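Please look at the model first.

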Amino acid sequence: LSLSAYPRITDPVEAPERILIVDDEDLIVLAMRRYFERLGYAVDSALTLDEAQALLAAHRYDLVIADLRLTGVGGTEGLEIVSDVHRRSATTRIVLLSAYGTPEVERESYTLGADAFLHKPKAMMEIASIARTLLAH
Amino acid sequence: MLDALVDLSPDPLWVIDPAGSIVASNSAFDRWQSDIAEGGAPQLAELQRRALAGRSIMANVRLIVHGVERTFAIHARPVDSGGVAFTAREATDSGEGSEHATELALLHLFASNETLRELLPKALEFLCTTDRWDAAALWRIDDDTLRVDATWFASSEVRARLAPRFAELRAWSSHEVTWAVEVLEESSVSVVAAPLIDGERVTGLLEFFTHSIRPINEPTRRMLARTGGALARLIERRQLLEQIATKGAEWLLTVDSIGMPILLVTSDARVARLNHTAQELAGHAYDEVVGRPLISLGEHEPWTTLRDVATAVHESGITCTAQIVAGETNWDVTASPLAAAASSDDRIVIAMRDTTEVVRLQESVRRGEQLAALGELVAGVAHEVKNPLFGMSVTLDLLDEQLEGRTESLELTAALRKWIARLLSLTENLLVYGRTWSTDMKPGDLRDVLAQAIETSQVLARDVDVTIDAELPDASGTLLMDASRLALVFENLLANAVQHSGGGERILLKASRAADAVEVAVSDRGPGFKPDELSRVFQPFYTRRRGGTGLGLSIVQRIVDEHGGTVTASNGEQGGAVVVVRLPTYHGPG
């Protein structure tokens, strides 16, 4: 991918698509939320699995970007979110982010229905590009 | 022991030298001799003459004892020293005396060191000569079949055709002495067969032939029955002894072939026996060591501890163990008391097991466990660092959008991104270095791994105008490997070489086969290692390069270790660094 393929914040999205961002780090959630809002998406965010599941029950999202680990060592709450999303809506895309991803967990997430598994850290431009690609299909 | 036995015998026993002088006798002989008046001398002289000629012979001799004529069965047999041994037993009133004398003579015969195969014809000869038979045969019962065990013929003309006949078969079935006249080789012969009875069991038959019609009377029948019993017991005992001797020889060979030192020591810690491996350990041959105190083998380990262990076993009467470190070798020693039934002097068996390799493996496992624990810690920290790095990177991404057009500020965020990249590279390397829990070993070809590493490194090399040459004539070798991890070894080595090479220089990756291993050498024409660096290049965080993480070669060593290989760093003959990785080849399971 060349740089020109990445979406710019100045390229607004025509019909606002709804994104849910889930991460236990509030500063990461803040930055990602701002970034996607500037791209023109309607963004919700959650810091815990419970919050995320409540939002998923209440709204329909076009894309969910979730951290794999939302609690202590070895947590894989992101996989539960993948299952939840997959159960509720066939059209919702889901991207998992992880700083701990082992090949086993990555395979499992795809089995459960994740659309992408990204290893932290990742440039926002790349994440946004993948989001746009997924939303277009 | 034999002396004591001889003296206990109520029968007179005496031994003469070839000249006829008495050289040994028992107390019964001394009493008997003083009682004898004149007479019998010519018969004794005849017995002596025939015994000196090598014959074992028995005859009844009449002697005057206290004025009364009495008959003695006297047995004369040659002895090893060249003289003759005599035994006498009174046979005046019945056949008892000669029966006993026959038994005693057989006992003497069987006391020799000869084998049963050598002894039996001599026993037959003795019995034939004593009782005037022309031939004798000894049958053995083997799987319900009669087989000839030994024969004796007075002369070559007398040849009985030996096949089981009426007399033998009847003696066998009836357990009694059987007499018959049979026509053998167109002449009549008297045949008498006596069963060899050992307890209840008939183990064989003793058979005599003569060319005259010679019916047997009751005393002869009784004597033959008794001789058969005596012979059966002697043969049985001798067979047992020969088996023990064979087993002893087998044991000696077995114990000698055992690759662990085994010593038999006396209670005062002297060497009684030792096997071949123990002789090698002692550095002396068997005869040089036996009888010596253990400690005389060296005032150092393992001998000092062996002596203490032997003493401990002697004092406690129980099995004792010890661990000995002797130089580079570790020993596990077990010493057990061995109560010998026939000997009042108890022995101690010491078995030594070389545990050097086991101890080395244990240490290696312990080191491996420590490394694994450290690796997990390092990897855990690295993971924890990744999340904040992501937060910083996301924040910078957002900031960059807001700083669009402000070049000076963007230069600062670019610098921050470089620092983040450096931290990220360190984190990734720490993860590779620390990862020990998911190695996935499968048989694979080293050539594929090398090809992949070279292809990956080409990009880096072309950027700085460095050429990678590969010589892989013998690289093809199946290794048990985690291919993606092993590729990191050569990617790291090539990256190192590229970083220390100047523009236009060449790097050589050369593979060669050694016995059970493949060797890969990566050499560059850069500055090489400084002498004081060589011992430290594999230490984590030791780096020669500004901005390096200092983990490249540590990772190489770690992964090579995981693959059971070795890695060495040196300088080439024409300068430049040379790193050689040696990996064991895989020969399949089993």
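## Basis

Buried, as used here, means under 20% relative accessible area, exposed means over 50%, and partly exposed lies in between (1.4 Å probe, protein chains only). The model is predicted: local features need pLDDT of at least 70, side-chain atom pairs count only at pLDDT 80 or more, and totals for chains, interfaces and linings use all residues. Residues are numbered from 1 along each chain as its sequence is written, chains are lettered from A and ligands numbered from 1 in the order in which they are written, and side-chain values use heavy atoms, with hydrogens and water left out.

## B:Ser393

B:Ser393 is buried, at a relative accessible area of 9%. This serine belongs to helix α11 of chain B; helices (H or I, at least four residues) and strands (E, at least two) are DSSP runs, numbered from the N terminus.

Contact means heavy atoms within 4.5 Å. Setting aside neighbours within four places in sequence, B:Ser393 is in contact with A:Lys122 and A:Ala123, and also with B:Arg417 and B:Ile420. Between B:Ser393 and B:Ala421 there are 9.5 Å in space, C-alpha to C-alpha, and 28 residues in sequence.

## Contact between chains B and A

Chain A supplies 21 residues to the contact and chain B supplies 16. The buried area is about 1800 Å², with 60% given by carbon and sulfur atoms; this area is the accessible area (1.4 Å probe) that two parts lose on being put together, summed over both.

There is 1 salt bridge between chain B and chain A, a salt bridge being a side-chain nitrogen of Lys or Arg within 4 Å of a carboxyl oxygen of Asp or Glu. B:Glu384 and A:Arg69 form a salt bridge, with their closest N and O atoms 3.2 Å apart. On the side of chain B that touches chain A, helix α11 (residues 356-402) gives the largest share, 14 residues.

## Helix α12 of chain B

Helix α12 (residues 407-434) of chain B has 28 residues and should span 40 Å at 1.5 Å a residue, which agrees with the 40 Å between its end C-alpha atoms. The expected span is 1.5 Å times one less than the number of residues.

The buried residues of α12(B) include B:Thr413, B:Ile420, B:Leu430 and B:Tyr433. Among the elements covering the buried residues of α12(B) are α11 and α15 (552-562) of chain B.

## B:Arg485

B:Arg485 lies in helix α14 (residues 483-499) of chain B. This arginine is buried, with a relative accessible area of 2%.
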